[in-house]
Amino acid sequence: MNTLVPLVPNPQTSDNSLRTSELLQRFLEKHQGDEVCLRDLFDELGDRAFGTTLLICALPEALPLPIAGISALVAMPLMLVSGQLVLGFEQPWLPDWIADQPFKKEHCEMVISAAIPFLEQLENFVEPRLPFFTSPEAERGVGVILFLLSFIIALPIPFGNMLPAIVIVLICLGLIEKDGLIIAISGMVSGITPALLLLVL
């Protein structure tokens, strides 16, 4: 029976002093099995709630990686978790069949290895500022933006997944690092994303 389970941090692995790119690198070094699941990643990334959950799900689409069928796998948890943010949930919840779905370690390594330098560049520009945009009230509005971007990712638009996924990653970094400026700028970019995608159709 599938149940909806909270994504809670493992106190033995959580470390909020490290940046997301550093935690992903540690994850690669610690997990040597043939398969991994989303819950393993969430445990490693610690108590970063919605930002971390959505960022991990969006990364495979934000990077030009040759992994077939990944859009269908990431769109569902993206929409589910962003919807929970809109509704004011205190922490993200995922069905156990999604959280425990096994992925090949080689695919996970491909995504994380490509993501680390990408995140390191972005992390150079994020810092706590404009706290209004990271308040609980503002986060509900951010959730609406994330849900709409997730819906776009779910659509069968050729080459239409990367831009909304990149915007999601930027917003999530803003949530994680409490950077309201990044969230505000990314929110404005999300407003023109549908128009840009129409140009490629």
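**Before starting.** I am working with a predicted model, in which local features need pLDDT of at least 70, side-chain atom pairs count only at pLDDT 80 or more, and totals for chains, interfaces and linings use all residues. I number residues from 1 along each chain as its sequence is written, and side-chain values use heavy atoms, with hydrogens and water left out.

**Entry 1: salt bridges.** How many salt bridges are there? I counted with this rule: a side-chain nitrogen of Lys or Arg within 4 Å of a carboxyl oxygen of Asp or Glu. The count comes to 4, and I looked up three of them, starting with R39 and D100, whose side chains meet at 2.7 Å, N to O. This pair links distant parts of the chain, 61 residues apart: R39 sits in helix α2 (residues 38-45), and D100 in the loop between α5 (96-99) and β4 (102-104). For helices (H or I, at least four residues) and strands (E, at least two) I use DSSP runs, numbered from the N terminus.

I then checked accessibility, where buried means under 20% relative accessible area, exposed over 50%, and partly exposed in between (1.4 Å probe, protein chains only). R39 is partly exposed at 22%, and D100 is partly exposed at 37%.

**Entry 2: a bridge inside a helix.** Next I found E109 and K105 in a salt bridge, with their closest N and O atoms 3.4 Å apart. Both belong to helix α6 (residues 105-123), and because they are 4 residues apart, about one helical turn separates them. I remind myself that an α-helix has 3.6 residues a turn, so residues three or four places apart point the same way. E109 is partly exposed at 33%, whereas K105 is buried at 7%.

**Entry 3: a bridge between loops.** D179 forms a salt bridge with R129, and I noted 2.8 Å between the closest N and O atoms. These partners are 50 residues apart and link distant parts of the chain: D179 is in the loop between α8 (162-177) and α9 (180-200), and R129 is in the loop between α6 and α7 (136-154). Is D179 buried or exposed? D179 is buried, at 0% relative accessibility, while R129 is partly exposed at 25%.

**Entry 4: aromatic rings.** Here I paired rings of Phe, Tyr and Trp (its six-membered ring) with centres within 6.5 Å; planes under 30 degrees apart count as stacked, over 60 as edge-to-face and the rest as tilted. I got 1 aromatic pair. F132 and F133 have ring centres 5.2 Å apart and planes at 80°, so I call the pair edge-to-face. F132 is exposed at 59%, and F133 is partly exposed at 30%.

**Entry 5: helix α8.** For the 16 residues of α8 that gives 22 Å, and the end C-alpha atoms are 22 Å apart, which agrees. Of those 16 residues, 12 are buried, so α8 is largely enclosed by the rest of the structure. Among the buried ones I listed P164, V167, C172 and E177.

**Entry 6: Q84.** I found Q84 in helix α4 (residues 70-87), where Q84 is buried at 4% relative accessibility. What does Q84 touch, not counting residues up to four places away in sequence? Taking contact as heavy atoms within 4.5 Å, I noted F50, F89, Q91, P92 and W93.

Notes. The expected span of a helix is 1.5 Å times one less than its number of residues.
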